[in-house]
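Me: I would like to go through the labels given to this structure and ask what stands behind each one. Please set each value against its definition.

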Amino acid sequence: MQAWQVHENGEPGEVMRLAEVERPTPGDGQVLLRVRAANINFPDALLCRGQYQIRPPLPFTPGVEICAETEDGRRVIANPALPYGGFAEYAVADARALLPAPDSLDDAEAAALHIGYQTGWFGLHRRAHLQAGETLLVHAAAGGVGSAAVQLGKAAGARVIGVVGGAAKAAVARDLGCDVVVDRHTEDVVAAVKEATGGRGADVVYDPVGGEAYTQSAKTVAFEGRIVVVGFAGGTIPAPALNHALVKNYSILGLHWGLYNTKNPALVQHCHEQLTELAARGAILPLVSERVTLDQAAAAVQRVADGVTTGRVAVLVGKGETA
């Protein structure tokens with residue numbers, strides 16, 4: 001089979017190599033899956049760089065989120081078990097963690113429903129308890145993680161403010177349904193959010209960026225607001241001033257979605273059922289901005305790493321197709 005492999009750490013476009021390799025052999029409790037579509041996530045770039053919290057042995061195949069087919073023909077969503085990731089014709093995954101792919105979504109959309117939307121659902125509902133009528137501020141609102149949070153916030157009845165970088169991403173955020181869009185390249189984020197909220201600030205801030213974005217979060221969160229920290233795509237891990245959280249009376253909430261797979265897997269299943277229902281009635285639809293073939297995967301991962309994409313980029317494999 002064909003698979004992309006990383007033999008040394010570095011930038012995805014430089015270290016990912018397409019090779020002919022043997023099909024992986026499933027271990028205990030695992031199944032072999034024929035990949036239909038693999039969604040590109042920022043962690044794939046971190047894996048290539050050797051900067052992710054999981055460091056699989058070299059060589060490995062990246063690709064942490066797929067829509068695939070089981071040997072008995074079921075279409076499923078899965079997180080491949082590294083080192084046999086999803087940028088390949090076949091991958092392996094834990095049998096107990098397979099989720100049915102929603103009939104309402106094509107292969108690329110189904111692959112993109114998993115990590116970003118599960119993270120959004122857990123962050124907004126399980127951790128921050130977002131309520132209808134509240135104001136939700138989403139950083140990187142046009143990206144893969146941010147776009148999911150925007151849609152889930154709107155589905156929950158929140159007023160959504162999206163922060164983006166550049167006019168093209170601002171247009172995407174508006175199309176996603178953001179009530180207010182702030183372009184950090186041309187606007188003062190803190191001033192714009194305060195103006196949009198009458199000086200009160202956002203009830204919930206969803207931050208997958210860190211760095212300067214977190215500084216803005218702390219300055220724009222409302223009284224009794226909640227900042228949900230879901231990642232550090234900006235490259236800088238902030239050091240929160242706890243005295244500020246005390247004086248301003250807000251909460252800082254960490255979210256590591258992957259822990260739920262071991263700590264509370266039943267809740268992951270429940271979340272998927274909720275997402276499937278939202279997708280079936282059109283309340284959410286993964287934004288797949290680009291579909292590429294397997295031979296184009298390395299260049300696509302590099303574009304995601306460089307932060308120049310919007311929504312999700314999906315790698316179509318085999319007969320991976322649109323609905």
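Predicted model: local features only at pLDDT ≥ 70, side-chain atom pairs only at ≥ 80, totals over all residues.

Me: Why is A140 called partly exposed?
Reply: Buried means under 20% relative accessible area, exposed means over 50%, and partly exposed is what lies in between, with a 1.4 Å probe and protein chains only. A140 has 34% relative accessibility and therefore counts as partly exposed. A140 lies in the loop between β8 (135–139) and α5 (144–155) and has a positive phi of about 55° although it is not a glycine.

Me: Why does E224 count as exposed?
Reply: The relative accessibility of E224 is 52%, so E224 counts as exposed. E224 belongs to strand β12 (residues 221–229). Its phi is near 60°, a positive value in a residue other than glycine.

Me: How do you know that α2 is roughly perpendicular to α12?
Reply: α2 and helix α12 (residues 297–305) pack at an angle of about 105°, with their axes 8 Å apart. Axes are lines fitted to C-alpha atoms, for helices over the stretch in contact, and angles run from 0 to 180 degrees between N-to-C directions. Angles under 35 degrees count as roughly parallel, over 145 as roughly antiparallel, 65 to 115 as roughly perpendicular and the rest as oblique. α2 is therefore roughly perpendicular to α12. In contact (heavy atoms within 4.5 Å), F42, D44, A45 and R49 of α2 meet V301, V304 and A305 of α12.

Me: Why are α7 and α8 called roughly parallel?
Reply: The axes of helix α7 (residues 189–196) and helix α8 (residues 212–220) cross at roughly 30° and come within 9 Å. α7 and α8 are therefore roughly parallel to each other. From α7, V189, V190, V193 and K194 meet Q216, K219 and T220 of α8.

Me: What puts the buried residues of α6 on the same side?
Reply: In helix α6 (residues 167–176), the buried residues are A170, V172, A173 and L176. They cover an arc of only 160° around the axis, so they are on the same side of α6; the arc is that of the directions from the helix axis to the C-beta atoms. An α-helix has 3.6 residues a turn, so residues three or four places apart point the same way. The buried residues of α6 pack against α5, β9 (159–164) and β10 (180–183).

Me: Which exposed residues are on the face of α6 turned away from its buried side, and what follows the helix?
Reply: That face of α6 carries the exposed residues A167, A168 and D175. Just after α6, G177 takes a positive phi of about 115°.

Technical notes:
Residues numbered from 1 in each chain as written. Heavy atoms only, no water. Helix = DSSP H or I, 4+ residues; strand = E, 2+ residues; numbered from the N terminus.
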